[in-house]
Amino acid sequence: MVTAVPRLVIAAPASGSGKTTVATGLMAAFAARGLAVSPHKVGPDYIDPGYHALATGRVGRNLDAYMCGPELIGPLFAHGARGCDIAVVEGVMGLYDGAAGEGELASTAHVAKLLRAPVVLVVDASSQSRSVAALVHGFVSWDPEVRVGGVILNKVASDRHEELLREALEQVGVPVLGVLRRVAQVDTPSRHLGLVPVAERRAEAVDAVAAMAAQVGQGCDLEGLLELARSAGALSCAAWEPPATPAGQLAVVAVAGGQAFTFSYAEHAELLTAAGAEVVTFDPLRDEQLPDGTQGLVVGGGFPEVYAAELSANEPLRKAVAALAESGAPVAAECAGLLYLCRELDGRPMCGVLDATARMSERLTLGYRDAVAVSDSALAVAGTRMRGHEFHRTVVEPGAGAAPAWGVRAPDRRVEGFVEKGVHASYLHTHWAAEPGVARRFVERCRTS
């Protein structure tokens, strides 16, 4: 199968250059023209795709060559972009920054090459003029297989500043496809793990995305960018599909959502559904009971530390979660879900499923992990190897139970997480598309537990 959806990768020399503003603004501006826009994000980030979804009306999807493997990038892209007029892929960090110690793996440049997509480089021009030419030249020439098809200049101070920048870039031969001034209302608030998710500030986020669209629509050559997107090479790969399980009785799987649990990959729900689950979302901040007939529970990532008081106050739901876990039903918890299952979080009672306590920390734990399942669980048999990602400012004590969830092989060697009865809880975020058997095993356990 050949995928020929026009596409652009929005990259930058470094974080903080304006990739999210430009990518989200482009998505919204193209959507406002009546185009069906497929939004994508390089790397494991959960928050930016929420803004992308708001801009396009479609689910934001991640493309992570470390967690899913390079061979799945094209198929996952084709799955998300099916039926669209254009795809916009927001990069991660600097263009050539990838997994530590792994060369180009999982970098924006790596994904751009896998997608055969042209790159638009967003440059923060706020403190330079002629030097911008040297900067862009370096990024253009570093890897000849990466095609930088244009530059968008961000945070330009004045017409004179723009003139100097354009004159300098004429020597590089890369077209300027946009010039953006600094606009305060485009800024989105951040806290300890990045931008505040859309679910926590929807009205303000709608306004922010509208402002991004207006700024990008006015400052960028949308026709030129669309023409560049159409120059992307065709992808010869079949679109990814969640493997279907033979028809049987549906298993009700409750998935935590709402403001406290906003981190999830769209493919997880698709995999569960294909495996024979009826996926029902509930909000631990507001719902006092699990969905009717719940046979399994998935509690993903998010910000329970921000909502610890409200989560703790919902005692009926905490007791319902504890009772489900005690019954032996499958429970999969990642990061925020791990904290929610502890006895307490920052001194406030949680579900008490795990004999562990959690607290906020000053230290940021961040990075890819190469892991192997230590104990048989509702998700995997011992020995199953998966790659994942950690991203938190919390500490759980102890860090592992008598039957740990994972043995982390790299970058350090340790065990972490908990496997108890049907519970699998750990800090590690994983992408189930890399190991579809995880969803099948989980749903089958739901049916038989």
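Tutor: Start with a loop. P398 sits in the loop that runs between β19 (385-397) and β20 (406-410). Keep in mind that this is a predicted model.

Student: Which kind of peptide bond joins E397 and P398?

Tutor: The omega angle is what to read here. For the bond between E397 and P398, omega is about -5 degrees, and the bond is cis.

Student: Now the whole chain. How many helices and strands does the chain have?

Tutor: There are 13 helices and 24 strands in the chain. For overall form, look at the radius of gyration: at 22 Å it is close to the 22 Å that the globule rule gives for 449 residues, so the chain is as compact as a globular protein of that length. The C-alpha trace spans about 70 × 45 × 45 Å along its principal axes.

Student: What share of the residues is buried?

Tutor: Buried residues are 59% of the 449 in the chain.

Student: How do I read the contacts of the chain as a whole?

Tutor: Ask how far apart in sequence the partners are. Among contacts with a separation of 6 or more, 76% are between residues 24 or more positions apart.

Student: And the charges: how many side chains are positive and how many negative?

Tutor: The chain carries 39 positive and 50 negative side chains. The centres of these two sets are 2 Å apart.

Student: Why would residues three or four places apart in a helix point the same way?

Tutor: An α-helix has 3.6 residues a turn, so residues at that spacing point the same way. With that in mind, look at the buried residues of α7: A205, A208, V209, A211, M212, A213, Q215 and V216. Their cover includes α1 (19-32), α2 (48-56) and β8 (176-181).

Student: Now strand β7. Is L153 buried or exposed?

Tutor: Relative accessibility decides that, and buried means under 20%. L153, which is in strand β7, has 0% and therefore counts as buried. Beyond its sequence neighbours up to four places away, L153 touches V123, V132, L165, L169, V176, G178, V179 and L180.

Student: Where is K421, and what is its phi?

Tutor: K421 is in the loop between β22 (418-420) and β23. Its phi is near 55 degrees, again positive in a residue other than glycine. With 55% relative accessibility, K421 counts as exposed.

Student: What about H424, in β23: buried or exposed?

Tutor: Strand β23 spans residues 423-426 and holds H424. The relative accessibility of H424 is 5%, so it counts as buried.

Student: How far apart are H424 and E334?

Tutor: Read two distances, one in sequence and one in space. H424 and E334 are 90 residues apart in sequence and 8.4 Å apart in space, C-alpha to C-alpha.

Student: Which residues does R447 touch?

Tutor: R447 belongs to helix α13, residues 437-448. Residues up to four places away in sequence not counted, R447 touches Q249, A251, A275, G276 and Q295. The C-alpha atoms of R447 and L250 are separated by 8.1 Å, while the two residues are 197 apart along the chain. At 27% relative accessibility, R447 counts as partly exposed.

How values were computed:
Residues are numbered from 1 along each chain as its sequence is written. This is a predicted model: local features need pLDDT of at least 70, side-chain atom pairs count only at pLDDT 80 or more; totals for chains, interfaces and linings use all residues. Side-chain values use heavy atoms; hydrogens and water are left out. Helices (H or I, at least four residues) and strands (E, at least two) are DSSP runs, numbered from the N terminus. Buried means under 20% relative accessible area, exposed over 50%, partly exposed in between (1.4 Å probe, protein chains only). Contact means heavy atoms within 4.5 Å. The radius of gyration is taken over C-alpha atoms; the globule rule is 2.2 Å times the number of residues to the power 0.38. Lys and Arg count as positive and Asp and Glu as negative; His and the chain ends are not counted. The place of a charge is taken as NZ of Lys, CZ of Arg, CG of Asp or CD of Glu.
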